Amino acid sequence: MNPYRFVNGHRFITSFVARATAGVVMSSAATAWSAPSTYMPPAATKIAGEVDSIYTFLLISSLISFILLIGGLFYFIYKYQRKTANDKTAYITHNHTLEFVWSFIPFVIFMFVFFWGWKVYHDMRTVPEGALEVQVMAKKWDWRFIYKSGRVVTSGVDDNGQKIPATMVVPVGRPVKLIMASEKINEASTDRSDRPILHSFFIPSARVKQDVVPGRFTMMWFNFDQPGDYWVFCTEFCGAGHSAMKAQIKAVPQADFDQWLSAESSGTLSLADQGKALYGAKACVGCHSADGSRVVGPTFKAAWGAKRNLEGGGSVTIDENYLRESILNPAAKIAAGYPAGVMPVYAGQLSDDEVTAIIEFIKILK
Ligand code: HEC
Ligand SMILES: [Cu+2]
């Protein structure tokens, strides 16, 4: 350090600020964009890249403000230090221009970050049309994936007794929608410790996560633009086996995916067909038609995605959560113009997988 420059405090400080800022900007840019990174695995989706851009912007702008603020603090400590015993502090009231500027500039930056974040969050939460749907079942402490074809993917155990995580195979470059639920460890059990509990599905490479909540469906989507194997973690502490609650997503070209799915699904009944069988076996058919005719309850034909007026006012869109609730607890919402208290309560009568299958059946009744 040149002692002359140190005496010239302001020159030292300005050059220090400039060099420190440049250094921090360059190293954080390098951390955010090079692979592998200390913070996160490489971004493998478009949204992940956008999330990283926001974070990098926040990091760099915070660092610049920090350096300006703390640098300024030290600069003023030095510049206005008391030089003689008789130095008096100047009488300073306020400065409108300065106060306006230091409020307005942060305001503009915050609004910019707000709208930017809003846009990315909106895209993250809006599932594109034509997404491949995969059901995700979470339980203490594992994941299970179910495709429309009826193919079920579970975890396994290798020759050494090590767990092989369940692997969700998906086509690369195609949006995938996950419909997620938390299930009991054992369907028949009434033990409290076997209740479904809260989990959260986190794909670090896609920078998306979503809670998996007992008693309802939650959704999320992603679209990998490079083939590869990506980790999934449970990111809601759910008990002793939480850290082992891992899964994998394998993104492969569409043709390989089609081949995998058809090979793996041979011999299984599609979810919709399973649902159709249950529709007969569980007596739904006696009160709900599949062809548009009115029986005791509303028809299932063209119900999916339609608007349903409710008894007592209000309306809902017929989606997974409305169907699930209507099946398990019919009294919760009564379809306008239909009798209440007629439909039996199916909670405890149908497993989560059966409810899912019936919903998939209703979805295809266009
Ligand atoms: C004894 C007759 C009866 C049976 C059996 C029955 N339901 Fe219903 N269901 C009704 C009636 C009546 C309604 C309308 C009143 C209401 O919303 O509860 C209804 C409403 C529904 C709704 C809401 C539909 C809408 O368009 O708003 C769904 C979904 C449903 N039932 C599914 C099923 C399924 C699945 C089964 C078989 C597992 C089944 N129901 C068995 C009588 C029945
Ligand atoms: Cu968990």
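The shell around ligand 1 has 20 nonpolar, four polar and two charged residues; here Ala, Val, Leu, Ile, Met, Phe, Trp, Tyr, Cys and Pro count as nonpolar, Asp, Glu, Lys and Arg as charged, and the others, Gly among them, as polar. The model is predicted: local features need pLDDT of at least 70, side-chain atom pairs count only at pLDDT 80 or more, and totals for chains, interfaces and linings use all residues. Residues are numbered from 1 along each chain as its sequence is written, while chains are lettered from A and ligands numbered from 1 in the order in which they are written.

Of the 26 residues around ligand 1, those that come nearest are Cys 284, Cys 287, Gly 297, Tyr 338 and Met 343; a residue is near a molecule if its C-beta atom, placed from the backbone, lies within 6 Å of it. Helix α7 (residues 320-328) supplies the largest share of this shell, three residues. Helices (H or I, at least four residues) and strands (E, at least two) are DSSP runs, numbered from the N terminus.

Strand β2 (residues 142-147) is largely enclosed by the rest of the structure, because five of its six residues are buried, that is, with 20 or more other C-beta atoms within 10 Å of their own. Strands count as paired if DSSP finds at least two bridges between them.

| Strand pair | Bridges | Direction |
|---|---|---|
| β1 (residues 132-139) and β2 | six bridges | antiparallel |
| β2 and β3 (residues 152-153) | two bridges | antiparallel |

Met 137 has Arg 144 in β2 as its bridge partner, and two residues lie between β1 and β2 in their hairpin. Ile 146 stands opposite Val 152 in β3. The hairpin of β2 and β3 has four residues between the strands, and Gly 150 in the turn has a positive phi of about 100°.

Methods
Buried ≥ 20, exposed ≤ 12 C-beta atoms within 10 Å, placed from the backbone.
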